[in-house]
Amino acid sequence: MRPSSRSLPPGRPPRRPTPPGTGPPRRAPHRVPVRAAGPTQGAVPDPLPPPEPVAEAPAPGRNRRRLLLAALAVVGVAVLVVEGIALARTIGSQESARRDVATPLQAPADLPVEGSLVLSRIRADGTVEVTQWIRSTEDITELSVAAPDVGVGADGVSVTGARLVAADGTSLADDLTVTAEPRVVGLESPTTMVRATYVLRGAAEQSGTVRGRVLARAVALDLSFPAQAGPTVVVVAAAGDGVVRNLACANAQSSVALLRPCGTPDGTRWRVRLPPAGRGDVVAAQVDVS
Amino acid sequence: MSVRLPSGIWVPVAAAGVGNGGVLGVPEDVDRAGWWRGGARLGDPFGATLIAGHVDSTDQGLGAFAELLGVRPGQQVRVRSKHLEQVFTIRSRRLVPGRELRDVPQVFSVRGERRLTLVTCAPPYEPSRGGYQNLAVVTATPVGDAERRRR
């Protein structure tokens with residue numbers, strides 16, 4: 001606990017009592033000399049000129065008190081400043097500590113022990129909000145990521161806000177640039193689980209035939225690592241009061257790429273479990289948005 | 001009217017006529033099907049009840065009737081009208097060349113045994129030749145008589 005300003009010593013150190021006989025010699029008191037009579041001894045001397053008026057000097061005790069108060073005020077301000085700086089530093093260090101101590105990821109229940117999980121939400125404006133998980137029993141040291149090549153417009157599919165987080169909660173990449181050209185993201189430290197969050201634009205189109213219907217030709221990035229195993233669970237939902245009507249899957253490696261019905265309804269959502277061999281399948285979703 | 005496919009999905013069905021060239025006027029909404037007005041109705045003792053739907057659409061994706069491409073004999077289909085309901089068992093699924101129903105009269109004739117025929121387009125898809133080149137025709141026969149719907 002920091003001492004309060006009141007307990008701080010005054011500007012003048014306290015006087016210590018001195019033992020008898022050891023102190024400094026006492027000075028003779030100052031005596032005002034008496035004017036001696038001169039040759040005109042016996043004559044009445046000239047009167048002294050009247051003293052000039054001067055401001056009354058404060059008593060020595062009051063002066064000391066004022067000095068003490070002023071000193072206390074200065075010291076008090078200094079203390080407040082110091083405490084303020086210390087407090088700011090403390091807050092800053094706590095915030096820094098918060099950033100440094102990342103929260104470990106909590107794996108969702110649907111994420112396979114080894115495999116991946118895609119949670120996609122189709123918005124009314126046609127954008128697709130995605131949270132994608134990968135988990136492995138082996139260390140993941142690099143990731144391959146690419147945007148799906150199913151763009152409905154001339155610009156293809158764009159990805160915004162792409163962020164990768166490792167199992168221990170540390171950020172692997174922030175606002176990652178993702179294009180249709182696959183890129184490899186190397187990880188400084190290996191991890192066994194990665195969470196990717198991002199938004200796809202250009203992957204879905206509004207139907208010109210049925211009002212309120214959106215066809216999402218893709219619901220996720222191509223995200224993988226070399227030793228990836230296990231199934232991929234894809235869960236597609238519609239934002240707000242929307243309803244997913246069906247899912248369709250296509251072999252991305254096939255030159256024909258025919259869509260086939262896949263998945264099952266789950267309330268207003270649909271889900272499909274792609275086997276390891278079908279992990280690269282493209283999943284399309286038909287959605288009636290609110 | 002509505003029809004429940006083997007997957008359990010109910011597909012709304014609207015009455016449809018035949019346009020010029022014998023093309024059945026199937027609803028544009030791929031999640032709806034069309035029932036040919038000229039065919040047999042629920043409760044009729046003979047003939048075919050014809051219901052057709054789009055397999056897919058360029059801007060809607062897969063249609064509800066895309067499921068027909070993978071149905072198997074023995075699976076059940078349920079048809080429901082305003083007052084009646086009847087269960088049918090799938091007997092066959094076959095590909096018929098061509099995109100016009102007039103090429104396959106047995107699909108829609110009111111003669112012959114009581115049956116349900118479900119139709120959709122089937123691959124291959126050739127844009128230069130007008131799209132899908134085949135029809136998938138699923139034929140089902142009634143399990144029992146049509147019954148009054150339980151409310």
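**Terms and their grounds**

Author: Chain B has 0 helices and 11 strands. This is a predicted model, in which local features need pLDDT of at least 70, side-chain atom pairs count only at pLDDT 80 or more, and totals for chains, interfaces and linings use all residues. Residues are numbered from 1 along each chain as its sequence is written, while chains are lettered from A and ligands numbered from 1 in the order in which they are written.

Reader: How do you know which strands pair with strand 3 of chain B?

Author: Two strands pair if DSSP finds at least two bridges between them. Strand 2 (residues 10-16) of chain B is joined to strand 3 of chain B by 4 bridges, and the two run parallel. Strand 4 (residues 48-53) of chain B is antiparallel to strand 3 of chain B, with 3 bridges.

Reader: Why are both faces of strand 3 of chain B called covered?

Author: A residue is buried if 20 or more other C-beta atoms lie within 10 Å of its own, exposed if 12 or fewer, and partly exposed in between, with C-beta atoms placed from the backbone. In strand 3 (residues 33-36) of chain B, A33(B) and W35(B) on one side are buried, as are G34(B) and W36(B) on the other. Over the whole of chain B, buried residues make up 38% of 151 residues; for chain A, 28% of 290 residues count as buried.

Reader: Why does V130(A) count as buried?

Author: V130(A) has 23 C-beta neighbours inside 10 Å, and the definition asks for 20 or more, so V130(A) is buried. V130(A) is found in strand 2 (residues 128-146) of chain A.

Reader: What is V130(A) in contact with, beyond its neighbours within four places in sequence?

Author: Two residues are in contact if their C-beta atoms, placed from the backbone, lie within 7 Å. Among the contacts of V130(A) are V118(A), T197(A), L200(A) and V219(A). The C-alpha atoms of V130(A) and V199(A) are separated by 6.0 Å, although the two residues are 69 residues apart along the chain.

Reader: What makes a set of residues a nonpolar core, and which residues touch the most other members of the largest one?

Author: A nonpolar core is a set of buried Ala, Val, Leu, Ile, Met, Phe, Trp, Tyr and Cys residues joined through C-beta atoms within 7 Å. The largest has 95 residues, and those touching the most other members include A216(A), V219(A), V236(A) and L247(A). Strand 2 of chain A gives the most to this core, with 7 residues. The contacts of V236(A) include V219(A), L247(A) and A285(A). In soluble globular proteins, nonpolar side chains tend to be buried together.

Reader: How many residues of each chain are in contact where chain B touches chain A?

Author: 12 residues of chain B are in contact with 15 residues of chain A.

Reader: How confident is the predictor in each chain?

Author: pLDDT is the predictor's confidence in each residue, from 0 to 100. Chain B averages 88, with 95% of the residues scoring at least 70. Chain A has a mean of 75, and 63% of its residues reach 70 or more. Over residues 1-55 of chain A the pLDDT stays under 50. Where pLDDT is low, the predicted coordinates should not be read in detail. For the complex, the predictor gives an ipTM of 0.76 and a pTM of 0.69.
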